[in-house]
Amino acid sequence: MSQASNTTPRPLSASKNASGQWQVGGCDLEQLAERFGTPLYVLDRSSLERACQDYLAGLSDYPGPKEVFFASKALPVVAIDRLLHEMDLGIEASSGGELFVAITAGVPGSRIQFNGNNKSLQELKEALDHGVGRFLVDGMGELTALSELSKSYSFKPSVTLRVNPGIDAHTHDFIRTGQVDSKFGFSDDQLEEAFGFLANKDCPLDYRGLQGHIGSQIFEVEPFRLLAAFLFDKLQAAAGFGLETEELNLGGGLGISYLCEDNPPPIQAFVRKIASFVVEEAKNRALPLPRLVLEPGRSIVGTAGFTLYRVGNEKKVPGIRRYLMVDGGMPDNPRPITYGAQYLADLVSPRERGLDTERVTIAGKCCESGDILIEDAGLEACKDDLLIVWATGAYCFAMSSNYNRLPRPAMVLLENGRAELIRRRETYDDLVRAEVGI
Ligand code: LLP
């Protein structure tokens with residue numbers, strides 16, 4: 001297998017054909033837009049598969065047991081959970097809904113981790129009914145609730161405690177999770193209480209390990225060294241309660257390229273480095289190697305995905321900018337308005353037309369001034385052009401809405417010149433399906 005994983009914003013199979021048109025997965029994107037309409041979420045299967053292989057290959061030298069779970073919050077779609085499970089990844093679900101998607105995809109409970117900082121009793125029951133293999137428990141309230149509930153089941157649920165490592169990864173405030181002031185995970189004093197609870201011989205829960213997730217869209221590996229050391233400290237604290245920590249879960253967080261100048265580490269190299277931190281810590285402390293678990297989301301699906309839009313109206317603000325409006329926007333990609341996220345765009349069929357490329361702004365169609373997808377896209381674009389916004393595979397459909405009552409786009413998976421529809425376009429009927437008395 002080649003070492004080259006994707007560190008660009010475009011999918012691995014993206015290339016320009018002889019006439020200079022972009023194609024992906026051997027598919028003609030103009031034909032795709034014709035057939036499925038726009039906006040359209042598109043995924044390149046070869047990129048998804050490569051990302052999974054890279055994670056597994058990166059872990060292959062780790063001498064202990066290991067496992068990768070896809071953090072399905074990044075792209076919670078049945079066909080995707082199924083494909084990634086077939087690629088030998090487990091699925092991490094963070095709500096009853098994500099759990100339902102994984103179950104619908106046929107993922108067995110033994111390959112599902114259930115995460116979330118405020119799981120309801122109903123959600124916990126749903127997970128127990130499905131024989132979920134691992135509960136990532138976030139606090140004492142959940143620990144006691146799960147323990148109560150599990151008395152009515154014939155098996156002991158396996159519990160991994162999410163700890164708050166107090167590590168500050170440099171990323172956007174909203175997607176940073178490991179710092180001290182965070183709603184996630186056990187803080188130090190609560191952790192002691194949890195260890196005491198789990199060490200009680202009558203406790204109906206099976207203590208398995210510790211998890212820490214320090215944030216998302218991270219390019220540095222150093223915070224993971226601190227995380228590994230922190231988790232080993234806690235593993236030793238657990239041993240003081242007579243608890244054996246079988247598993248350490250270092251969460252997700254590896255970033256991707258959204259722009260050409262972004263420079264994330266390649267998946268395999270990143271994973272090897274993290275695994276080496278764990279090996280080092282175990283060696284320095286003369287401890288056995290734990291099962292090493294990772295739960296990536298964005299780096300599995302992010303650059304495999306892109307969105308096709310059709311350009312509609314145009315507005316020139318003389319001396320300031322030219323707005324090009326597309327047929328989607330913040331409902332299908334809320335990341336620019338939420339995080340100020342930046343994206344790279346290309347025209348499917350770029351042509352020299354002598355158009356001004358200065359200050360071309362790609363705007364969405366919502367009644368909201370902030371509904372801007374890309375400022376200064378630098379494209380020679382005009383009405384009816386087909387536009388690609390790259391790297392929209394993660395947290396775009398996942399966080400999409402029906403704002404202004406826009407039906408969600410369809411989603412297709414490309415492979416070897418074939419396009420498979422994995423989610424149909426929503427209809428107006430879908431928009432009112434949950435309303436009563438109409
Ligand atoms: N594990 C846990 C416990 C998490 O909370 C997350 C993401 C992951 C794994 C996966 O992280 P990843 O590998 O995708 O970085 N909506 C934001 C991202 C929020 C991430 C939430 N947690 C965005 O669009 O940037």
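In which loop does Asn-404 lie?

A: Happy to! Asn-404 lies in the loop between β18 (386–390) and β19 (410–415), where helices (H or I, at least four residues) and strands (E, at least two) are DSSP runs, numbered from the N terminus. This is a predicted model, in which local features need pLDDT of at least 70 and side-chain atom pairs count only at pLDDT 80 or more, while totals for chains, interfaces and linings use all residues. Residues are numbered from 1 along each chain as its sequence is written, and side-chain values use heavy atoms, with hydrogens and water left out.

The backbone of Asn-404 has a phi near 60°, a positive value in a residue other than glycine. Asn-404 counts as partly exposed because its relative accessibility is 33%; buried means under 20% relative accessible area, exposed over 50%, and partly exposed in between (1.4 Å probe, protein chains only).

Arg-359 also has a positive phi, near 50°, and this residue sits in the loop between β15 and β16 (360–363). With a relative accessible area of 35%, Arg-359 is partly exposed. For another backbone feature, turn to the cis peptide bond that joins Thr-38 and Pro-39, with omega about -10°. Pro-39 belongs to the loop between α1 (29–36) and β4 (40–44).

Another loop, between α11 (335–339) and β15 (345–347), holds Gln-342. Gln-342 counts as exposed because its relative accessibility is 53%. Leaving aside neighbours within four places in sequence, Gln-342 is in contact (heavy atoms within 4.5 Å) with Tyr-258 and Leu-259.

Now for the ligand. Ser-216, Glu-295, Arg-298, Arg-335 and Tyr-395 come nearest among the 18 residues around the ligand, each counted as near if one of its heavy atoms lies within 4 Å. The shell divides into six nonpolar, seven polar and five charged residues; Ala, Val, Leu, Ile, Met, Phe, Trp, Tyr, Cys and Pro count as nonpolar, Asp, Glu, Lys and Arg as charged, and the others, Gly among them, as polar. An oxygen atom of the ligand lies 2.3 Å from a polar side-chain atom of Ser-216, and a backbone N or O atom of Gly-253 is 2.9 Å from an oxygen atom of the ligand. On the nitrogen side, a ligand nitrogen atom is 2.8 Å from an N or O atom in the side chain of Tyr-339. Taken alone, the ligand exposes 590 Å², of which the protein buries 92% (Shrake-Rupley method, 1.4 Å probe).

Terms used: A polar contact is a pair of N or O atoms within 3.5 Å; within protein, one must be able to donate a hydrogen and the other to accept it, and residues adjacent in sequence count only if both atoms are side-chain atoms.
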